[in-house]
Each structure stands twice: as structure tokens, then as C-alpha cells.
Amino acid sequence: MTDVQDRAWRDRAIDRSTEGARQRAARRVDTFLAAAREIIDERKSTEFTVQEVVDRSRQSLRSFYQYFDGKEELLLALFEDEMAEWAAELRQRTSDGDPLARLESAVHALYDNAAPGWARNRPIAEFAQRLIINHPDEVAAAYSAIVEYLGEIVDEAAEAGLLRPGRPRRMAAIVLQAATVTAGRGPAARQPITADEVWEFCRHAIVPDPAD
């Protein structure tokens, strides 16, 4: 066996070993995440301890801390999973029509998902709002799949000449924040702003007036 053949064999053996380790690690992480989801679903709350997750997963505390720094990182992982699933669903729900029609559909869907009582996983979503203070970059990263999709729609609208001059991706980020933050009702809770009003606001902000 030549040196080159020997190295190729060793590389393949190492790759198989590394891939096996990655798969085992992924299974352990998924087990911890599944255990945390079960507890959250039962309690409708994120008030639980790491030890409870460890006990439910039937793994060790040492194993937990191999993959997570603590409870906050675990919840961030859950939130990121939720946002990835929601981004895929959003793509499917808003795939028809011209760019502006799709963007309007996306605003309504995002508003509904963020509105009180509607969120896909309200306890995790509420905890994510608190995490923004300590982990703003990580929370922003969790939203990246949604921002990317909205950016694609806005890019298409810009290419079709339907938007005001500007930065399409910044417009997409503004649309996302307008839809999700406003849905929280905030100071206007007695007369909540509707999804239709949010879309009209966004449309006037990014679409030029016919008279312009």
C-alpha cells in the first residue's frame, strides 16, 4: 500500500468516526430538546430546571453541559428551531401571487403568529423577548430565516419596480418588526392595531404613491 493510499484510507476512517460522533451528539441534543418541549407543553411555561430536563431525557447532567451552557442556551436552541419551522411554513403559506400580494400575506401571517394567544409556542416566544436583553445577536440569528425570506420577496418587488428607492433588505427587516412588535398590542391595547393597518402602513412606507 502506498503512502497516498494509506492516507486516503486513514482519512476515510477518520471521516466515518467523526460522522458517527456527530450523529450521536445530534441524537443527544435532540433528546434534551424533546424533553424540554414536553415539560413546556405540560406546564405552558418555561419555568423548569436543567435537572428536570436531564431527568426527563434520562441522560446525565454532565452530558447536558457538554452541549449547552445552561437553560438560556437550551431555550435559544428551542426558539431557533421554532423560527426555522415557522419560516418554512411561511414560505408555503405565501407562495402564490405577485411580490406585493405575497408580502401582504406574510405580514398578516406574521402578525397573527405574534399576537397574544396565537403564537406557535407562546412560552418560548415570551422568554425570547426577555433573552433579547442578554443575547440580542443570538435572538436576531433565530429570526434570520424569516428575514431572508421576506428579503427575497422584497428583492422581487424591487426588481419589478414596485418599491421606493432604498435598501430592500432593510425594508424587509422593518416589515418584520412592524408586523411582530405591533401585534403585541403594546400601549394601544384598548384599541389594538390590526393586521390590515400594519400592512397599509408598510405599503405606504415602501411602495411609491402613483402620483409620485
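Modeller: Before we start, a term: a residue is buried under 20% relative accessible area, exposed over 50%, and partly exposed in between (1.4 Å probe, protein chains only). This is a predicted model, where local features need pLDDT of at least 70, side-chain atom pairs count only at pLDDT 80 or more, and totals for chains, interfaces and linings use all residues. Residues are numbered from 1 along each chain as its sequence is written, and side-chain values use heavy atoms, with hydrogens and water left out.

Biologist: Fine, so how many helices and strands does the protein have?

Modeller: Helices (H or I, at least four residues) and strands (E, at least two) are DSSP runs, numbered from the N terminus. Going along the sequence, the pattern reads α-α-α-α-α-α-α-α-α-α. The count is ten helices and zero strands.

Biologist: What share of the 212 residues is buried?

Modeller: Let's take the surface before that. The protein exposes about 12,900 Å², with carbon and sulfur atoms supplying 50% of it (Shrake-Rupley method, 1.4 Å probe; for residues, only the protein chains shown count as cover). As for the 212 residues, the buried share is 34%.

Biologist: Among contacts between residues at least 6 apart in sequence, what percentage join residues at least 24 apart?

Modeller: A contact here means heavy atoms within 4.5 Å. Of the contacts you describe, those joining residues at least 24 apart make up 66%.

Biologist: Which residue forms a salt bridge with Arg37?

Modeller: A salt bridge is a side-chain nitrogen of Lys or Arg within 4 Å of a carboxyl oxygen of Asp or Glu, and the structure holds eight of them. In the one with Arg37, the closest N and O atoms are 2.9 Å apart, and the partner is Asp81. Arg37 sits in helix H1 (residues 3-43) and its partner in helix H4 (residues 71-93), so the bridge ties together parts 44 residues apart in sequence. Arg37 is partly exposed at 26%, and so is the residue you asked for, at 29%: Asp81.

Biologist: Which residues are linked with Arg56 in a network of salt bridges?

Modeller: Arg56 and Glu42 pair up with their closest N and O atoms 3.0 Å apart. Arg56 belongs to helix H2 (residues 50-57) and Glu42 to helix H1, so this pair ties together parts 14 residues apart in sequence. Arg56 is partly exposed at 34%, whereas Glu42 is exposed at 55%. The network links Arg56 with Glu38 and Glu42.

Biologist: And what is the N to O distance between Arg43 and Glu52?

Modeller: Arg43 is partly exposed, with 40% relative accessibility. Glu52 is partly exposed too, at 29%. Their side chains meet in a salt bridge, N to O, at 2.8 Å.
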